[in-house]
Every structure is written in structure tokens, then in C-alpha cells.
Amino acid sequence: MINRALVIGAGIAGIQASLDIANSGYQVALVERQPSIGGHMAQLSETFPTLDCSQCIMTPRTVEVGHHENIKLYTYSQVAEVSGTPGDFTVKIRQKTKYVNWDNCTGCGVCQEKCPWKAPAEFDRGLGVRKAIYTLSPQAVPNKPVVNPDVCVRLQSIAKGEKLKCGACLKFCPTNSIDFQQTESFVEVHVGAIVVATGFDLFPQTRLPEYGGGQIPDVIDALAFERLLSASGPTGGQVKRPSDGKEPREVVFVQCSGSRDPEHGVPYCSKICCMYTAKQAILYKHRVHHGQPYVFYIDIRAGGKGYEEFINRAQQDEGVVYLRGKVSKIYRDGDKVMVWGSDTLSGRKVEIAADLVILSMAAVPAISANGHRVPGLELALDMDGFYQSSDAELAPMESNLPGVFLAGAGIGPKDIPETVAQASGAAAKVLGMFRQALR
Amino acid sequence: MRKVGVFICHCGINIAGSVDVEKVAEEINRYPGVAFATTYKYICSDPGQQIIKNAIQEHGLDGVIVAACSPAMHETTFRRTAAAAGMNPYLLECANIREQCSWVHQNDRARATDKALYTIQSMVEKVKRNEALDPLSLPLTKKAMVIGGGIAGITAALDIADAGYPVILVEQSDHLGGKMSNLSGTYLNFAAAPDLLTRRVDRVMNHPNIQVITDAEVTQVDGYVGNFKATVKRVGQDAILSYDVGAIVAATGYASYPLSRLPEYGGGTIPDVMDALTFEAMLAPSAKFARPSDGKSPKEVVFVQCAGSRDPEHGVPYCSQVCCMVVAKQAMLFKERMPHGQAYVFYIDIRSAGKGYDEYVQRAMTDARALYLRGKVSKIYQDGNKVIVWGSDTLSNRAIEIAADLVVLATPMAAPDGTKELAQRLHISTDANGFYNEAHPKLRPVESLTAGVFLAGAGQGPKDIPETVAQASAAAAKVLQLFSRDEMKAEPTIAQVIPELCSACGLCVKACPYGARQVDEILQVATVNPALCQACGACAAACPNKASVVRNWTPTQILFMADVLV
Amino acid sequence: MGTPYFPGCTLTTKAKNYDTSGKAVAAALGMPLDELPDWQCCGATFPLATDNTMSLIAPARVLIQAEQTHAKQVTTLCAICYNVLKRTEFSLRKHPEQLERINWFVSTDETTAGQTYTGKVQVTHFLQQLRDDLGWKALSERVTQPLKGLKVAPYYGCLLLRPPAEIGLDDPDQPTIMADLLTALGAEPVDFPFKGECCGSYLAVNKPDVPAALSGTIVESAAKHGAQAIVTACPLCQYNLDVKGRLPILYFTQLLAKALELGEEISNFESQMSKVAV
């Protein structure tokens with residue numbers, strides 16, 4: 001039995017599982033495809049129902065992971081292959097080309113300042129900009145940048161065999177850490193158990209043409225709105241709409257965009273949207289006192305602790321107007337966004353001329369977005385592409401493969417408390433495995 | 001002279017929104033003893049912590065104030081940062097300028113800024129006089145106690161026991177399995193559930209590391225994390241059992257809401273009005289599907305969801321989470337038993353958010369032909385051998401009246417009687433609805449605020465089986481983590497006795513609420529049990545000779561702090 | 001050799017100009033429309049009853065007659081006929097037992113004795129033929145009088161594109177087929193948000209205020225986006241949208257006839273455009 005665990009995915013699930021295992025005295029190899037850890041929770045402004053600042057509750061953990069003597073962090077990396085048997089897996093990790101020597105880099109940030117080439121920032125869902133050499137956010141762990149070949153003019157000139165262009169980062173880096181000659185590398189680790197915590201992504205807006213198909217700038221998804229609300233976001237926490245930067249006064253939230261839609265979207269419910277919509281509507285109202293948020297819904301799903309009370313707060317104390325009905329069509333009319341919905345409780349059609357529309361896009365498994373099937377790690381998937389637990393009820397953290405455990409939204413959409421519980425639960429399974437081998 | 005560094009956090013806009021942090025930094029930099037002051041957006045983040053480390057090393061700081069959120073949030077984190085930079089962690093203090101300043105004075109920036117400044121100044125005065133301390137080492141018993149033998153307790157016990165540690169499982173009733181043993185099927189494992197449960201119960205009963213005590217209650221818990229002494233009493237027996245354990249998992253589950261609290265629904269008076277658990281027993285394959293009043297098999301069955309839940313005026317304000325799914329399941333089971341029967345379901349929202357849950361409810365509607373009506377039920381009464389249900393269908397805007405043969409009320413999952421008392425014994429708290437309070441609702445769902453006491457399952461709040469099982473394994477992981485060390489570390493900022501001043505009068509023993517003080521008769525001096533002392537300071541106030549002092553909270557320090565504030 | 005063509009009732013009466021212009025345009029492009037020798041009403045709405053068999057007899061009979069021509073497709077101009085026939089074809093392919101019953105029943109009628117539908121002929125729309133058989137490039141090369149400067153809003157209505165799984169002509173939410181046709185003719189297609197909204201349909205008969213309101217909104221939206229005319233493929237839409245002559249409502253075949261210079265008698269372009277005081 002090798003007393004080391006592999007954790008795939010460093011969102012809050014992967015982070016929690018890693019800490020539980022590492023704090024019990026075992027080694028952890030934590031692999032994350034993005035340049036830094038934190039997943040979607042790092043993009044949130046505040047969390048429901050307490051409205052805690054997401055960064056505030058999360059950063060102690062991300063920092064602990066970054067410094068933990070038992071955790072080896074492999075970011076900007078992917079698991080390429082797994083072989084062996086439970087207790088003795090051989091894992092090949094592909095470290096993508098960063099073009100920066102992270103052993104030397106101090107994370108000073110000068111390269112990002114000096115780089116002249118900009119691109120839409122993925123962390124801000126395209127609403128903000130980043131440079132060709134970038135970290136996801138100023139609080140990134142590790143706080144070291146990578147170079148994106150699609151935007152870096154120097155790399156493009158190298159690839160085309162032309163005269164070398166730019167190189168500003170190379171010039172200004174005080175520790176000589178830029179390396180345009182760098183190639184991807186492979187690392188092999190031996191582990192006894194694996195925890196898969198790859199999380200979720202959002203259903204693309206292009207799949208919902210009746211809601212504008214991603215073409216209307218002022219129709220955004222909830223994660224993008226989260227970035228607008230965030231103090232560390234592209235607008236410093238001021239609610240400004242993408243098209244003209246004006247403060248939106250009439251804001252419409254459309255729940256179930258793509259979810260609960262077997263014909264057109266995904267058949268399942270994405271579980272967290274009712275709660276985060278209420279949260280976003282409340283936060284919006286706190287920022288824009290004279291604004292009016294509307295929420296179109298089918299059923300309000302607020303089962304967790306304090307959740308029902310939170311929805312009541314949105315409806316009764318914060319003046320959010322809830323309309324029970326689906327939205328049939330969203331289109332642009334001048335500088336307004338027209339929303340056609342219905343209010344089934346009054347039996348009437350509703351048309352709202354909105355300044356900004358936020359879609360609760362369905363949560364889909366991140367793995368399918370990757371199209372990434374790791375050889376040697378053929379995990380069973382359900383019909384919707386999420387990992388299939390060996391028993392969804394009594395063994396949700398166990399997969400079809402012995403020694404391989406699951407946690408978080410990769411199994412199915414869920415909120416943070418349930419994610420954290422599953423992550424610790426998966427850690428318990430790993431610890432049990434390691435300890436059983438002692439006897 | 002101490003060199004104190006002050007690090008002020010913006011906390012995004014949480015602090016900077018009401019406090020002019022730059023101005024505070026400027027002012028505090030001029031304060032005697034302060035060698036360095038700066039601000040940062042999120043001081044708890046990696047770059048933020050690096051700033052602290054760098055400053056400690058560059059300026060040779062031997063005192064640090066982090067002016068940010070409550071020390072309950074990140075004091076441990078920052079103390080670790082200080083230690084990593086080579087400074088004694090107990091020379092770092094947190095000044096709370098968020099919960100106690102920016103958050104409560106959002107409309108008065110000038111005065112909030114002043115208050116923040118004074119708060120920091122007073123903490124500077126304290127830290128200037130702090131002692132460098134080392135954490136204390138305490139022994140650790142690697143044995144766990146799980147209270148509650150339902151699916152949560154069973155799962156936690158198995159995970160801990162499988163990892164090789166002994167577990168004492170205490171169960172109130174005479175059998176294991178809890179409420180799950182009353183279910184004839186679950187929505188994810190329709191028919192297999194009872195069998196799956198039985199197998200787990202068997203594993204527990206036969207596990208070499210698990211000792212099961214049924215018909216038992218935990219009557220007292222003394223001690224602290226790693227060193228609890230739990231007293232267990234069995235029903236009808238005088239003998240008291242005592243166990244030394246290092247960790248406790250509270251998995252005491254839920255209770256059924258009393259039907260008598262729903263008189264408008266005929267609860268407790270109409271025989272054919274029952275709760276879902278009772279209907280579950282009626283649906284059991286071995287049972288004759290007979291209604292209580294006359295033993296006939298009911299054909300028209302009405303399910304009333306939210307019967308008491310989501311009802312702040314009259315019932316409980318919270319949602320019981322599982323009922324929408326339970327009702328869908330029972331509607332399907334009912335249709336299997338009575339193919340010509342008709343189920344009606346009155347609901348407000350359908351909460352079927354889990355994986356496959358929405359599809360499941362759809363099946364209840366399409367395959368079992370359950371008629372779902374969106375509206376609350378206002379009244380239920382007996383009329384001859386029928387039970388009349390008055391409800392509404394808000395989607396067609398009509399009042400509905402159904403003459404039912406049987407009515408099933410989806411009553412709330414309530415905290416069982418005695419939960420509050422057990423919580424007190426465990427030194428943990430319960431919320432307004434009687435459920436155990438977790439340490440943090442998002443990131444610490446299975447920990448209580450008392451170290452060493454963990455929570456799992458419906459005792460912490462209504463939840464379904466998958467979430468219960470996840471929490472139970474999570475609680476086990478916390479226990480395993482605790483047991484992975486060979487000794488416990490305790491905080492050194494506790495009371496100490498200055499022996500030259502102590503006259504062994506014993507007043508501190510009486511004053512201490514934690515039983516942490518004793519008088520050593522031979523040495524004629526008072527002693528402090530470092531593991532029990534909670535640094536409340538009662539002893540320091542009681543001692544007439546000023547012989548009892550809380551480390552790093554000395555009278556001198558407090559007076560200097562007060563000097564700033566008053 | 002032309003394509004078997006089903007005109008439907010309205011195109012032989014109230015919408016005769018659609019039929020005339022369509023036939024002329026098709027002939028000019030070398031893909032003539034050969035009207036089926038014997039046909040009857042398509043049924044006018046796709047039946048949505050639990051048991052559709054009886055109501056499918058009429059459209060099924062059209063398919064049976066078309067199959068006798070041994071051609072691979074039978075084409076239509078009227079969007080309603082297209083919808084009914086296409087969905088019937090889909091239903092018969094999906095339910096072989098239904099097809100068997102219908103084939104048997106129809107064959108008992110002496111006029112169609114021994115004739116069956118075996119799925120060899122597919123239902124198409126003339127727009128589809130223009131896009132897939134001829135191609136927009138080839139079409140633009142045949143245009144002798146490009147409709148330069150003419151801003152036309154394509155209006156699709158409901159039945160030409162929905163339900164997408166059964167019709168499959170174009171994307172129901174973001175269709176381009178008529179816009180592409182207009183571009184090939186040299187005109188300027190005007191996109192507007194109401195291009196797929198209902199015109200009011202048969203309510204023109206018993207609740208005329210409903211189509212008046214619905215169609216009024218559609219036409220106003222097109223006008224607001226700069227359209228000088230609206231083009232459609234459905235006679236009922238043409239009728240409903242012609243709201244007090246607010247904008248000229250033309251069949252796409254009329255524009256084709258104009259661009260191919262087939263003469264005013266065929267295209268009726270000038271008379272239609274001048275009817276309105278725009």
C-alpha cells in the first residue's frame with residue numbers, strides 16, 4: 001500500500017479532501033488543470049445563505065494547501081494515464097507548458113504589468129481582461145503566471161519561424177524566469193488511492209438560441225454576474241452592464257435555463273440555482289438601491305439549513321419580485337433586452353423590458369467539457385455525463401473502480417456544504433484504505 | 001521596545017466600504033511601538049500572508065496586529081503565518097475591525113474609521129506586552145464514541161472502525177437502523193434499501209472494533225478533545241458505564257412531528273389522517289394495506305406536502321427537504337398496491353433537486369398518474385366514512401375539494417426531544433429549531449464549535465440519505481484526522497498561578513466554571529488543568545492576591561487597552 | 001423532368017398568384033413543378049389526436065399518389081400543406097403499424113387500388129429545392145435583375161419550421177433559409193425579433209381581433225427595423241399580415257419572379273409594392 005493519494009481537481013472538493021488526508025499524516029498529489037486552485041468557489045462574490053465573502057472563507061484553505069508539507073501541488077496539469085492496482089497505482093501527470101520557470105518565479109507580477117497583449121479573462125467569464133502572461137486572479141495559489149500561446153505574440157512569431165516579436169516579460173522579469181523554449185513535461189507518481197473531484201461547468205448559452213444564443217451582450221450567465229458583484233471583479237463590485245457600462249435598473253433572473261428541459265437542454269435539476277439567484281438578487285439590491293430584480297422560476301428549491309428563510313428574505317425583505325413561469329423568448333430591442341415570460345399564478349403573460357438578464361445556466365460535468373477520458377481510469381458515467389456512484393444513496397463517494405473515490409459536483413450538481421461533506425467522506429474512505437493496510 | 005507591525009485588511013469592500021483603511025494605516029504608523037503599517041485587499045490570501053512574512057523578516061518585528069475580521073475566523077491561520085516567518089505565533093493578535101466595526105457602522109464612515117483606529121491601538125498596547133508562548137502537549141485517547149445508531153451513526157462507526165480504531169456506538173432504542181429501518185424502499189434503491197441496511201447493521205454488530213450499547217443514553221460528558229470521559233446509562237439498569245474516548249460523533253437523527261400540532265388537518269383526531277412514516281408501514285409488503293378506521297384498502301389517497309413545514313406562524317419555518325421525494329415514492333408504491341387507486345398531491349414547490357430526482361417525480365406523475373395540484377390545503381374533516389380535503393389549485397385558479405379515503409400528511413422532520421439536553425452535555429449548541437449548530441454552515445458542516453465533537457445526519461438538519469451518508473463519512477474523516485497524531489496540542493493562553501502570591505485559599509476553585517482549578521494540599525498552592533481551562537478569567541477576578549493571571553491577558557495589558565479606549 | 005408538386009386548396013383559389021409565380025420561377029430555373037394529376041385537400045392541420053389514423057388518411061393519400069410518379073420527392077409551396085404532409089411522412093415512418101393500416105384502407109378505394117406508400121418519396125419544400133438542389137450561388141448567377149436596395153424582412157411564421165425534429169428544414173430559432181434566398185436575389189434581408197412569432201392563424205375566421213393584434217405587432221416590428229416589405233411562404237400568414245396595407249406582404253416566389261425578370265403579370269411585384277403608402 002502506497003501511503004499517498006492522488007486528488008484530481010482542486011476546487012473546494014479537491015482542496016477539502018487533500019487537507020483531510022494530508023492533515024492525517026499522508027502524502028497527497030493534487031492535480032489541477034487550471035494554473036491555480038480554487039475552482040468556481042474562488043469566482044464567487046459571496047455565498048448563500050450567510051452572505052460570507054467567498055474569498056474570505058476559502059483563502060485560508062487554499063493557502064494551507066499551497067504551503068502544506070504533505071501536499072504536492074501540480075497545477076496547469078492533467079492526469080494522462082493511470083495503471084496498476086488499488087494500493088499501488090502509477091499515475092502519469094502531464095504538466096502543460098507554462099513558458100515560465102516556476103521554481104525561480106517569485107510571483108512579483110511585473111510581467112503581467114508589462115505585457116501589452118490582452119485577452120478576455122476566463123476567470124471573469126469574458127467580462128474582464130487579462131494579459132497573454134497571466135494568473136487567474138491576484139490571490140491565485142500558486143501566484144505564478146503561465147503564458148497563453150493563443151495571445152502571446154512572441155510565441156506566435158516563434159511558431160511561424162518569423163523574426164522574434166515582443167518579449168517584454170522576458171526583458172522585465174527580475175528573476176529570469178521566462179522560458180519560451182520550455183516544453184510540456186511528464187511526471188510519474190505512485191499512489192495508493194485516487195479521489196476524483198473534477199467539478200462542473202456551465203451549459204453554453206449558444207445552446208439556448210431562444211434566449212439570444214449568447215449573442216446579446218446584456219444576457220449573461222450567473223457566474224459572469226457573480227464577477228460583476230465581486231469586489232475583485234472587472235468592475236470592482238459595481239454592477240455595470242456589459243454593453244454600455246450603465247447601471248442596470250431592471251434586472252431579470254431566468255431560472256432553469258437549460259435545466260429540467262429534456263427536449264432542449266438537460267433533463268435534471270441543477271440544484272443550486274434557486275439559492276444563488278436569490279443571493280444575487282439580494283446582493284444586486286444592496287448595490288443598486290433603486291433597482292428592481294425579477295425572478296422567473298418553476299419551483300423554488302431551498303431545502304438546506306437556513307435556505308427557506310433566505311428565500312423568504314429575498315421575497316419579503318429585499319423586494320425581489322418572484323414570477324412563477326418559464327421564459328419563452330429573450331431578444332434585443334434598442335438598448336433594452338425584452339423578456340417574455342408568464343406568471344402562472346395570475347394566469348397572465350409578462351413582458352419585461354430589462355436592462356440586464358441573468359441566466360441560471362444548467363450545471364454540466366466539467367469532464368465532458370474536456371472530452372477527457374483518462375486511460376486506466378475508465379469511470380462509469382451516468383446518462384448526463386456525471387460520475388456514477390456505486391450506490392448513489394448509500395455509497396455516493398465510491399466509484400465503480402476499487403481505490404478510486406468521488407466527491408463534489410462531478411457526481412452531480414450540489415452546494416458547498418454537501419460538496420465539503422462528500423470531500424471529507426471520500427478522504428475517510430482513503431484513510432480507511434491506508435490504515436487497513438497497516439494490519 | 002517591541003517592534004509591532006500592523007496589517008490592515010480591506011476585506012474586499014467588507015471593511016474598506018465603511019472604514020478608510022488607508023487613513024488608519026497612516027495614523028497607526030505614527031503610534032509608539034508601531035514599526036510598520038500597511039493595508040492589503042485580502043490579507044488572508046497567499047500574497048497577503050506573504051506581506052506579513054516579509055515584513056516580519058525585513059523589519060525584525062516581534063509583535064503583529066492583523067486588523068481584519070474576527071479572530072474566530074483566521075487567528076489560527078495568521079499565527080501559523082507568523083510561525084513560518086520565525087516569529088512566535090502568540091506575539092500575533094487580531095484586531096476585529098469587521099464584525100465589531102465596519103459591519104455595524106456602515107452609515108458613518110468617519111466614526112467607523114476612528115473606532116477602527118482605537119481598536120487597533122488598544123490591541124497594539126496588548127501585543128506590546130505579550131509573552132512568547134509555546135503550545136501545550138496533551139495525551140490523546142484513540143477511541144471514538146458515536147451517539148445514535150441510525151444510518152448516520154452506522155456509517156460513521158464503520159468508517160472509523162474500518163480504519164482500525166475502536167468505536168462505542170450508543171443507541172437509545174433496542175435496535176440499530178433508525179428511521180431507515182421503517183422504510184419499505186427508498187427512492188434511489190426502491191426495493192433494495194431494507195436489505196442494504198440490514199447488511200450494514202450486521203457488519204456493525206459483527207465488527208471487532210465496534211461495541212454496540214442499545215437501550216442506552218449518554219448522561220454526562222466531561223473532559224475535552226482527545227480526553228473525554230463519557231458516562232452511559234442503560235434503561236432499567238443502575239450500573240453506570242464510563243468510557244474514555246478521544247472524539248464524539250453526534251448522530252441522533254430526527255423525530256416525527258406530533259400530529260396533534262395540526263388540528264386543522266385533523267391531526268391526532270381523524271384516524272385515517274396519518275403521517276408519512278405511518279403510511280410507509282402500511283405500504284410494507286408484509287402488511288395488509290388497510291386503513292385504520294375500518295380496515296378497508298383506501299382507493300383515493302390525498303398527500304399533503306408542507307404539512308407544518310415552511311410555516312413560520314404555525315409550524316416550523318424551515319423546509320424538511322425530503323418530503324417531496326418521499327411523497328412521490330409513496331404515490332408510486334401506493335399505485336403498485338392499488339392499481340385502480342388515485343393519488344393526489346398538494347404542493348407549493350416540488351423540491352426534487354438531487355440527481356435523478358426530477359425525473360423520478362415526473363414518473364410519479366406520468367406512470368403512477370399521481371395528480372399534482374399546486375396549492376395549500378386549508379382544512380381536513382371527517383364526513384361519514386370519507387375524509388374531506390379542502391385545497392386549491394393555483395394554476396387553474398380553482399378551489400378543490402376531495403373526498404378521500406386516506407390522507408397522508410408530509411409532516412416536518414423535527415429535532416427529537418432531549419436533543420437540547422444532550423447538546424448541553426456535549427457542550428455544543430443547538431439552533432432555534434433544535435438542530436445541532438455546525439461550526440460554519442458552508443465549509444465546516446460536520447464540525448461543532450467544540451473541538452472533538454462532530455455532527456452527522458438529520459440531527460444537524462433535515463436531509464436525505466445520500467447527504468447523511470456523506471456527512472457521516474466526513475465526520476469519520478475528522479475523527480481519523482484527530483487520531484492520526486500521537487498527542488494533542490492545546491492553547492497556552494490559559495490561566496497560570498504565581499506561586500509566591502498564592503495563599504491556597506481556594507476561591508479560584510469555586511469561581512472556575514470548568515472545573516479546571518484545584519488546590520494542591522501538599523504544595524499549598526492552586527493548580528490549573530491546562531486542558532480544561534478556557535481562559536475565561538473568572539479566577540483572575542476572584543483571586544484576592546492577584547496570584548491568578550491569564551497569560552497574555554494580564555491586568556496590566558487590560559489596563560493599557562482600556563486606557564486607549566476610554 | 002420536373003418534380004411532383006402538391007399545390008393544395010388555397011393556392012388554386014385565394015393564393016393563385018403564389019402558385020402561378022412558383023410554377024413560372026421553377027420552370028425558368030429548369031426545375032419545373034409537375035402538379036400531381038389527382039390530389040385532394042391535405043387536411044389543413046396535422047391531427048393531434050391520440051389515434052390519428054383516420055385523420056391521416058387524406059395526407060397519406062397524397063403521399064401514396066406522389067409515390068406513383070416514381071420520383072424521389074414531392075414538393076410544396078404552401079407552408080401549411082408542407083407541415084401537414086411532412087409530419088404525416090414522419091409519423092408513417094415512425095409507426096409501421098399505422099402505415100400498414102392506412103395503406104390497406106386506401107387500397108380499398110377503387111381510385112387508388114393497389115397503390116401504397118412505401119416511404120420512397122419524401123416531402124420537400126420549394127425553398128429546400130432552391131437551397132439543396134440548385135444552390136444559392138447558382139441561383140444568384142441566374143438573377144438578371146438583382147433587387148438592389150430592397151430591404152425585405154423574411155417572415156417564417158410557425159408551420160414552416162416547427163416541430164424541428166419532424167420538419168428539419170432550418171433552425172426554428174435562428175433560421176437563415178429565406179434570408180439566404182434574399183441575399184442571392186441581391187436584396188437586403190432585414191432581421192427582426194418577431195420573424196417566428198404566430199400571426200394568429202385560423203383565428204382570422206372566428207376571432208379576428210387576435211390575429212389583428214398579433215400580426216400588427218409583427219409588421220410594426222419589421223417596419224421598425226427598416227423593412228420595406230415582408231416575404232412569406234404561407235397564404236394564411238400573407239392574409240393576416242396584410243394589416244390595412246401597413247407593409248407589402250409578398251410571397252418569396254414573387255420576388256424570385258421579379259429578379260428573374262419574368263414580367264409583372266407573373267410577379268405582381270409593382271402592384272403589390274405600390275398598394276401601400278410607405
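I began with the meaning of a contact: two residues are in contact if their C-beta atoms, placed from the backbone, lie within 7 Å. I noted that this is a predicted model, in which local features need pLDDT of at least 70, side-chain atom pairs count only at pLDDT 80 or more, and totals for chains, interfaces and linings use all residues. I also noted that residues are numbered from 1 along each chain as its sequence is written, while chains are lettered from A and ligands numbered from 1 in the order in which they are written.

**Entry: chains C and A.** I looked up the contact and found 4 residues from chain C and 4 residues from chain A.

**Entry: inside chain C.** I found chain C divided into domain 1 (3-125) and domain 2 (135-274), with bounds that come from an automatic or database domain assignment. Taken over C-alpha atoms, the centres of these two domains of chain C are 24 Å apart. I then saw that 23 residues of domain 1 of chain C are in contact with 21 residues of domain 2 of chain C. On the domain 1 side of chain C, H2(C) gives the most, with 8 residues; helices are DSSP runs (H or I, at least four residues), strands likewise (E, at least two), both numbered from the N terminus. By class, that side of domain 1 of chain C has 13 nonpolar, 7 polar and 3 charged residues.

**Entry: chain B.** I wrote down four entries from the domain assignment of chain B: domain 1 (4-128), domain 2 (144-254 + 415-483), domain 3 (257-412) and domain 4 (494-550). The C-alpha centres of domain 2 and domain 4 of chain B lie 36 Å apart. I found 15 helices and 28 strands in chain B, and its C-alpha trace spans about 90 × 60 × 40 Å along its principal axes.

**Entry: chain A.** I found 10 helices and 24 strands in chain A. I checked its radius of gyration (taken over C-alpha atoms; the globule rule is 2.2 Å times the number of residues to the power 0.38). With 439 residues, a compact globule would have a value near 22 Å, and chain A has 23 Å, which agrees.

Terms used:
Nonpolar A, V, L, I, M, F, W, Y, C, P; charged D, E, K, R; others polar.
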